Amino acid sequence: MLQPPLLRFARNQLDPAGAEDVVAETLTTLWGKDLAFPESPEEERGLHALAYQVLTGHIRNEYRSRRRRKALAERLVAQPVKVAATGRSATDVDDEARVTYLLQQLSVDDREVILLFNAGFDLGDTARILGCSTAAAAKRRTRARGRLREIVDKEARE
C-alpha cells in the first residue's frame with residue numbers, strides 16, 4: 001500500500017492536515033495517469049519512485065503557496081492605501097487572517113481568479129489554467145476584483 005509511507009514522508013515536512021492534503025493530491029494525480037498495475041518488483045519500485053516524485057512536487061507547491069499567501073498578507077498590511085471612505089489605512093489590517101476572511105467572502109471561482117493573478121500568472125496562463133479564453137479570464141478578473149472591492153466597501157460602511 002502506497003499511502004502510509006507517503007503520509008509519513010509528508011508529515012516530516014508539513015503539518016498533519018497539510019500532509020494529508022498533499023498525499024491525497026498525489027494519489028489523485030497518480031490515479032489520473034491511469035498507470036498499469038505493477039507486475040514485477042522493478043515496476044513496483046518505479047511506481048513508488050514516481051509517487052515520491054509527484055509527492056515532492058506537491059509539497060514544493062504547498063510551500064510556494066504558503067509563501068505567496070504570506071507575502072500577499074504582508075503587502076496588503078504594508079500598503080498605505082486608504083480603505084473605502086473610513087480613512088483607515090491598509091496597515092489596520094494586521095494579519096493574514098483578515099486577507100483570508102475577505103477572500104472567503106468571494107465565490108470559489110472569484111477567489112480562484114484573484115489568487116491565480118496574485119500568484120504571478122498572466123492572463124494567458126490564467127486562461128489556460130481555468131480552461132477559458134484570455135478575454136474571459138480578463139473579464140472574470142475584473143468582475144472578481146469588483147466584487148472584492150464591494151465587500152471591502154460594505155464592511156467599511158458598517
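## Salt bridges and surface exercises

Arg11 is partly exposed, at a relative accessible area of 42%. Here buried means under 20% relative accessible area, exposed over 50%, and partly exposed in between (1.4 Å probe, protein chains only).

The model is predicted: local features need pLDDT of at least 70, side-chain atom pairs count only at pLDDT 80 or more, and totals for chains, interfaces and linings use all residues. Residues are numbered from 1 along each chain as its sequence is written, and side-chain values use heavy atoms, with hydrogens and water left out.

**Exercise 1. State which residue forms a salt bridge with Arg11, and how exposed that partner is.**

Step 1. Apply the rule: a side-chain nitrogen of Lys or Arg within 4 Å of a carboxyl oxygen of Asp or Glu. The count comes to 7 salt bridges.
Step 2. Find the partner. Arg11 pairs with Glu20, with 3.4 Å between the closest N and O atoms.
Step 3. Glu20 is partly exposed, at 44% relative accessibility.

**Exercise 2. Locate the salt bridge between Arg66 and Asp15 in the fold.**

Step 1. Take the distance. The N to O value is 2.5 Å.
Step 2. Place the residues. Arg66 sits in helix α3 (residues 41–78), while Asp15 is in the loop between α1 (3–11) and α2 (16–32), so the bridge ties together parts that are 51 residues apart in sequence. Helices are DSSP runs (H or I, at least four residues), strands likewise (E, at least two), numbered from the N terminus.
Step 3. Arg66 is partly exposed at 29%. Asp15 is partly exposed at 33%.

**Exercise 3. Work out the spacing and exposure of the Asp125 and Arg128 pair.**

Step 1. The side chains form a salt bridge, at 2.6 Å from N to O.
Step 2. Both residues lie in helix α6 (residues 123–130), 3 residues apart, which means about one helical turn separates them.
Step 3. Asp125 is partly exposed at 27%. Arg128 is exposed at 62%.

**Exercise 4. Describe the protein as a whole: elements, burial, contacts and surface.**

Step 1. Count the elements: 7 helices and 2 strands. Their order from the N terminus is α-α-α-β-β-α-α-α-α.
Step 2. Burial: 28% of the 158 residues count as buried.
Step 3. Contacts (heavy atoms within 4.5 Å): among those between residues at least 6 apart in sequence, 53% join residues at least 24 apart.
Step 4. The accessible surface (Shrake-Rupley method, 1.4 Å probe; for residues, only the protein chains shown count as cover) is about 10,400 Å². Carbon and sulfur atoms hold 53% of that area.
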